[in-house]
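This briefing is a guided reading of one structure. Please keep the sequence and the 3D view at hand while reading the points that follow.

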Amino acid sequence: MKKLVSVIATALLAVGLPLSAAAEESPKVIRIAFSSAGVGGKPAAASGLLATAHQRGIFEKEFAKDGIKVEWTFFVGAGPATNEALALKKVDFATQGDLPLVVARANGLRTKIIAKDSQFSRNYVVVPTASPIQSLEDLKGKKFTVQKGTATQLTLNRLLTQAGLKESDLKVIDMVSDSQKAALSTADVDASLQSSTDLVSRGLVRRIFKVDDPKLTAPSQIWVAEEFETKYPQIVQRFVTTLIRESVWSVDEKNRDEQFRLWGKTGNPYSDYKEDFSGSKLRDRLNPLLDEYYTTSIAKSIAEAKQFRFLRRDVPTEGWIEPKYQKAALKELKLEGFWDEFDGEGKRKATASAK
Amino acid sequence: MKYPKKQIVTAIGAALLTLASSANAAPPTTEELLKQLSALRATVDALQKQVKEQADNLEKTRESIPQGAELATTQDVEGVRSQLEDHKYNTARDREYKTALSSRGLTIGGTLTGSYVTSTAPSASTSNNPQGKPAESGFGVGATLSFAGNLYKDYAEGKNLDYRVAFTYANPKLANNNSTNSPALGDTVTRLTDVYLQYSLLQNLGALEDPKLTATFGQQKIPFGLEGQVSDELKPTVSTAQFLGDSNLKNIGHRQIGLIFRGDLFPNADYGFNYRAPLFEYAFGVVNGNGENTTDDNTRKDYLGRVTFTVPADYNSWLRELKFGVSYYGGWKNLNSTGTNFPVQLDNARTIRKGFDISYNHNPIGITYERADGSEDDLQNPGSLTDRRTRRTKKTGQVLTVFYNFGDIAQWSKNLNRVGKFDDFWPTTSQVYYRYDTWDPNNYVNADRTIKQTIGYNLFFAETTKFQIGLTRTEYDRTLGKANSTDLTAQFQYGF
């Protein structure tokens with residue numbers, strides 16, 4: 001009897017092991033999340049490499065040959081919602097701003113940062129048109145709306161520090177993006193950080209401060225869940241290689257208008273992106289490199305998140321940033337030196353010959 | 001300087017006329033001709049400059065137009081304007097004739113339920129079932145309807161005044177919680193369930209770290225334990241625990257009319273996950289004590305209170321949503337001896353309920369345990385016309401529920417089910433559960449317990465739609481003299 005059991009067990013192992021190993025080679029579905037949604041909850045994103053990749057369906061094309069489905073999710077609850085999805089193992093890749101990213105890391109969620117999604121973003125402090133507020137200093141004691149837990153909250157704190165203020169000097173009200181616009185339109189709040197031009201063009205708000213200093217903003221990034229990366233490294237490599245290949249299209253100035261129109265599917269006007277990117281090279285804004293600017297910036301974000309008391313724990317950074325997939329992709333696609341690297345201050349380090 | 005077209009034509013014409021008229025008169029001197037030529041050249045230069053400026057402007061305009069974009073003509077703009085006017089007219093007309101209006105902000109909601117129940121328990125003989133056997137089975141329907149909204153919106157501090165009115169429809173047996181009413185064929189019951197006003201006493205602007213406190217006046221669920229007040233997030237079963245039954249600890253199983261304060265203290269705000277968990281939650285209030293849709297039946301009021309403690313933990317901690325709660329309900333009731341003249345009348349008989357509960361709601365797993373103890377005064381000799389002595393009965397119910405969610409597991413997450421989408425997509429959540437529910441109607445009597453064990457499956461496949469199926473085995477202790485039975489309940493519930 002024992003022998004029979006042993007024979008059956010061996011046979012099952014022999015049959016089962018290769019099967020399970022084969023199953024590990026590729027997932028049935030790749031789940032990609034955006035920490036944003038379009039106007040009124042439209043399933044679209046903008047202003048980053050991953051957004052263009054989504055609109056052009058490049059991952060679907062890449063993975064269709066293996067029967068791997070690609071699922072996209074657009075979280076209205078922004079970065080904090082993506083964190084919950086990660087905690088419940090419901091997402092494999094995502095793009096996220098700095099604050100929710102570092103908070104997640106401090107709370108034990110395991111990710112590997114594989115590329116930048118965008119950098120050098122622009123924002124404006126806006127106030128209702130009839131508001132007496134003229135400067136950042138005038139914001140003291142006023143109702144300022146921001147979606148708490150997002151990168152914008154960290155940007156706000158940097159901005160306030162520059163103006164000699166603290167978040168506690170303001171009455172900060174937590175609202176999602178659509179609610180912020182509604183509250184600004186009716187002047188139920190006194191100010192907000194907005195990048196869109198729609199309220200400005202309707203005459204409902206006016207801009208009092210432009211936020212475009214690389215020291216005030218931080219890059220957004222693309223990560224992969226560590227569990228997925230350990231299980232399917234070859235899929236991660238294909239994902240990054242496909243993204244980098246697509247990025248060449250994204251940063252080609254010939255495609256500027258077409259890309260802005262693709263982003264316009266979020267419901268934000270084309271003119272938003274035209275203005276946002278005016279005077280910027282696409283190749284600088286849509287730069288996937290995990291360069292010195294990125295590493296300095298993430299270290300700064302961690303320090304600031306602690307300083308502003310968004311974090312109570314240390315953030316273990318060892319092995320977090322994983323450039324190997326990006327390096328392999330750049331080498332394979334012969335794109336080494338295609339994008340400029342930036343130093344810790346956000347200044348261009350060197351100009352590549354292939355420009 | 002810019003020259004309008006008309007002015008330029010006039011200037012050239014005047015110059016030519018001057019030349020022509022001077023041809024008839026004395027011939028101009030060379031000097032005069034040179035002057036005129038010089039004036040003409042200046043005019044032509046200005047014209048060329050203006051044409052160049054206009055060409056440059058046109059080029060700039062072209063550059064600002066996206067590649068491939070088409071320019072709109074005046075007719076196009078007129079067309080859009082006309083469509084806009086049509087749209088404005090239709091919107092105004094539809095609002096006047098085809099839109100339900102209310103004097104205040106209003107959200108209408110409700111559920112429709114279709115169910116099938118079958119049981120091996122022998123049923124009593126009725127005209128529909130003259131044999132009394134075999135097991136009872138049948139289809140059922142139910143519906144709820146609610147109106148809720150805001151009566152005063154405080155934009156500055158969020159101290160809003162809200163209202164809610166809700167109704168339920170069911171067949172009479174279900175509507176009366178299995179009471180022994182004998183309704184006529186075709187009878188239906190529609191009852192008021194919630195009728196209350198709620199005011200936020202503390203600032204409530206959505207900040208996770210702010211404590212909350214509300215006062216609710218009217219007919220409402222009472223804050224006792226878990227079973228009587230939680231949603232399907234913590235209660236996967238179709239039925240509720242036995243101790244809430246009408247003949248058991250009914251005060252806590254019914255809505256009550258009164259004033260109840262609910263609040264929390266020291267909330268743990270984890271903005272990294274948009275997660276809020278107050279360290280303490282509390283509730284206290286005063287109610288009539290004799291249930292819903294009825295006037296007070298005695299001269300005293302009942303008092304209730306509840307405190308919970310949630311283990312402080314971040315969202316990603318395994319301790320997330322581990323909560324302990326204690327509840328108390330102290331009531332009074334009138335006691336009358338049987339007989340025609342009711343000579344024995346007491347108005348100080350006590351009805352005490354005490355509860356303890358633990359819940360661990362850590363998606364995808366969840367465990368709840370609740371114990372409710374009741375003590376009840378009754379006349380020792382209810383048939384006597386003179387004996388005013390009372391005796392106190394103690395009763396205990398306990399219920400343990402374990403559930404596991406799988407699939408998208410987003411049903412109760414305000415983060416995961418708020419996603420950008422074009423259609424009516426909703427993440428699907430499946431849930432399996434097991435429940436162990438005991439009821440001891442008298443702690444001083446041995447072997448009189450009823451034990452119900454249920455296994456079930458729930459499927460949440462749309463925002464407000466679920467399918468539930470549960471198999472319950474009921475076992476009675478020997479002194480109760482009842483045959484054990486098995487029930488199967490299946491129901492669809494559609495919300496709107």
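In which loop of chain B is Asn293(B) found? Asn293(B) is found in the loop between β7 (275–287) and β8 (302–310) of chain B. Helices (H or I, at least four residues) and strands (E, at least two) are DSSP runs, numbered from the N terminus.

This is a predicted model, in which local features need pLDDT of at least 70 and side-chain atom pairs count only at pLDDT 80 or more, while totals for chains, interfaces and linings use all residues. Residues are numbered from 1 along each chain as its sequence is written, and chains are lettered from A and ligands numbered from 1 in the order in which they are written.

**Backbone features of chain B**

- Most residues other than glycine have a negative phi, and most peptide bonds are trans.
- Asn293(B) has a positive phi, near 55°, although the residue is not glycine.
- Asn293(B) counts as exposed because it has 12 C-beta neighbours inside 10 Å. A residue is buried if 20 or more other C-beta atoms lie within 10 Å of its own, exposed if 12 or fewer, and partly exposed in between, with C-beta atoms placed from the backbone.
- Phe266(B), in strand β6 (residues 256–270) of chain B, also has a positive phi, near 50°.
- Phe266(B) is exposed, because 12 other C-beta atoms lie within 10 Å.
- Asn363(B) and Pro364(B) are joined by a cis peptide bond, with omega about 20°. Pro364(B) is placed in the loop between β10 (345–362) and β11 (365–379) of chain B.

**Chain B as a whole**

- Chain B contains five helices and 16 strands.
- Of its 496 residues, 23% count as buried.
- Among contacts in chain B with a separation of 6 or more, 59% are between residues 24 or more positions apart. Two residues are in contact if their C-beta atoms, placed from the backbone, lie within 7 Å.
- Helix α3 (residues 74–97) of chain B has 24 residues and should span 34 Å at 1.5 Å a residue; its end C-alpha atoms are 35 Å apart, which agrees. The expected span is 1.5 Å times one less than the number of residues.

**Glu233(B)**

- Glu233(B) lies in the loop between β5 (213–220) and α5 (250–253) of chain B.
- Glu233(B) counts as partly exposed because it has 15 C-beta neighbours inside 10 Å.
- Leaving aside neighbours within four places in sequence, Glu233(B) is in contact with Asn361(B) and Trp412(B).
- Glu233(B) and Gly79(B) are 154 residues apart in sequence and 53 Å apart in space, C-alpha to C-alpha.

**Domains of chain A**

- Chain A is divided into domain 1 (28–119 + 219–350) and domain 2 (123–211); such bounds come from an automatic or database domain assignment.
- The C-alpha centres of domain 1 of chain A and domain 2 of chain A lie 26 Å apart. Their contact takes 22 residues from domain 1 of chain A and 15 residues from domain 2 of chain A.

**Strands of chain A**

- Strands of a sheet pair through backbone hydrogen bonds, either parallel or antiparallel.
- An open sheet of five strands in chain A has the order β7-β6-β8-β5-β9, with mixed pairing. Two strands pair if DSSP finds at least two bridges between them.
- β7 and β9 (205–211) of chain A stand at the edges with a single partner strand each, so one side of each is left without a neighbour in the sheet.
- Strand β6 (residues 143–146) of chain A pairs with β7(A) in the parallel sense over four bridges. Thr145(A) stands opposite Ile173(A) in β7(A).
- Strand β4 (residues 111–118) of chain A is mostly covered, with seven of its eight residues buried.
- β4(A) runs antiparallel to strand β10 (residues 220–225) of chain A, joined by six bridges. The bridge partner of Ala115(A) in β10(A) is Ile222(A).

**Where the two chains meet**

- In the contact between the chains, 35 residues of chain A touch 23 residues of chain B.
- α4(A) gives the most to the side of chain A that touches chain B, with six residues.
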